[in-house]
Amino acid sequence: MRLGVLDGRAVVVSGDLAADIHMASRGKLPHDPMALLEDWPRVRDWAAGLPEKAYDIPVDLTALGAPVPRPRQVFAVALNYPPHAAEAGFTPPDEPLVFTKFPACVTGPHTTVALPPGKVDWEVELVAVIGHETYQVNADRAWDAVAGLTVGQDLSERVTQLQGKPAQFSLGKSFPGFGPTGPVLVTPDEFDHPDDLEITGLLNGEAVQRDRTKSMIFPVPELIARLSAVLPLLPGDLVFTGTPAGVGNRMNPPRYLTAADELTSRIEGIGEIRQRFTAPEHH
Ligand code: ZN
């Protein structure tokens, strides 16, 4: 199942057509994606039996909103791909390095982001969405907790992110528009190998980041096990799972986003999201 959000209403997407979940269920299911995530197994089973003729809305994929517009918790993980840990000058961590992107920064897949003053960098990431309340689950059962996967950008203003001693990442990663997600949430059963997806970040059409999600130090089930060992994960929570090598501040010379840039973030089997930028205001 591919869940999208069109004009604030949840839809099931198939190719360039969609079915409005509230309408197609004759009012049995709500139109709010957050409410659907509270009752996810039922929604998924209902969608599996949806007849082809229910898909009656033409979809412009660039018009979709965030598949999870109001997550309660947004987890993010630093240095989860060995080449990125190496380029950042660290040995691979023994425990996931967890911070938050405050939920107000979450947006849909096609946006224009106002660059704050500073050094704004890109990080393409696979995002796992939690499908039911999960506490202290083992890794071998953790995929059951996942409603689906989507594409995210962990946009990061490096000055704010790194200025503290010790650095506290979360504010520098939470400026308005810094958490674009989408275009759709794809359930794990749609993938042959949900643990091994090509992930690519393109700057003005050129691939600057490329890896496979099987390279992760802590794969999705391991992250869910370790996060849920500490606190309950809630339906609709987002887990940004870390970025591959190729971020701008490790280039020589460093490269940061400008108003002339277009950023595309793509994951096999899900799709792509695209960001443009406007320059900081000078006073
Ligand atoms: Zn990141």
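With the side chain of which residue does the side chain of Thr-187 make a polar contact, and at what distance?

Analyst: The side chain of Thr-187 makes a polar contact with the side chain of Asp-189, at 2.7 Å; a polar contact is a pair of N or O atoms within 3.5 Å, where within protein one atom must be able to donate a hydrogen and the other to accept it, and where residues adjacent in sequence count only if both atoms are side-chain atoms. This is a predicted model, in which local features need pLDDT of at least 70 and side-chain atom pairs count only at pLDDT 80 or more, while totals for chains, interfaces and linings use all residues. Residues are numbered from 1 along each chain as its sequence is written, and side-chain values use heavy atoms, with hydrogens and water left out.

Thr-187 sits in the loop between strands E13 and E14; helices (H or I, at least four residues) and strands (E, at least two) are DSSP runs, numbered from the N terminus. With a relative accessible area of 0%, Thr-187 is buried, a word that stands for under 20% relative accessible area, whereas exposed stands for over 50% and partly exposed for what lies in between (1.4 Å probe, protein chains only). Leaving aside residues up to four places away in sequence, Thr-187 touches Met-1, Trp-40, Arg-44, Ala-147 and Gly-148, where contact means heavy atoms within 4.5 Å.

At least three of its residues are drawn from each of domain 1 (2–59) and domain 2 (74–278), with domain bounds that come from an automatic or database domain assignment.

E14 runs antiparallel to strand E15 (residues 206–212), and 6 bridges join them; two strands pair if DSSP finds at least two bridges between them. Glu-198 stands opposite Arg-212 in E15, and in the hairpin of E14 and E15, with 2 residues between the strands, Asn-204 takes a positive phi near 50 degrees. E14 also pairs with strand E17 (residues 262–267), again in the antiparallel sense, over 5 bridges, and there Ile-199 has Ile-267 as its bridge partner.

The loop between strand E16 (238–240) and E17 holds Asp-261, which is buried at a relative accessible area of 4%. The side chain of Asp-261 is joined by polar contacts of 2.9 Å to that of Asn-204 and, also at 2.9 Å, to that of Arg-255.

Charged pairs complete the picture. The structure holds 19 salt bridges, each being a side-chain nitrogen of Lys or Arg within 4 Å of a carboxyl oxygen of Asp or Glu. One of them joins the side chains of Asp-20 and Arg-9 (2.7 Å, N to O); because Asp-20 lies in strand E3 (residues 17–20) and Arg-9 in strand E2, this pair ties together parts that are 11 residues apart in sequence. Asp-20 is buried, at 10% relative accessible area, whereas Arg-9, at 25%, counts as partly exposed. In another salt bridge, the closest N and O atoms of Asp-144 and Arg-141 are 3.4 Å apart; here Asp-144 is partly exposed at 48% and Arg-141 is exposed at 53%. Finally, Lys-101, Asp-121, Glu-123, Asp-154, Arg-158 and Lys-173 are linked in a network of salt bridges.
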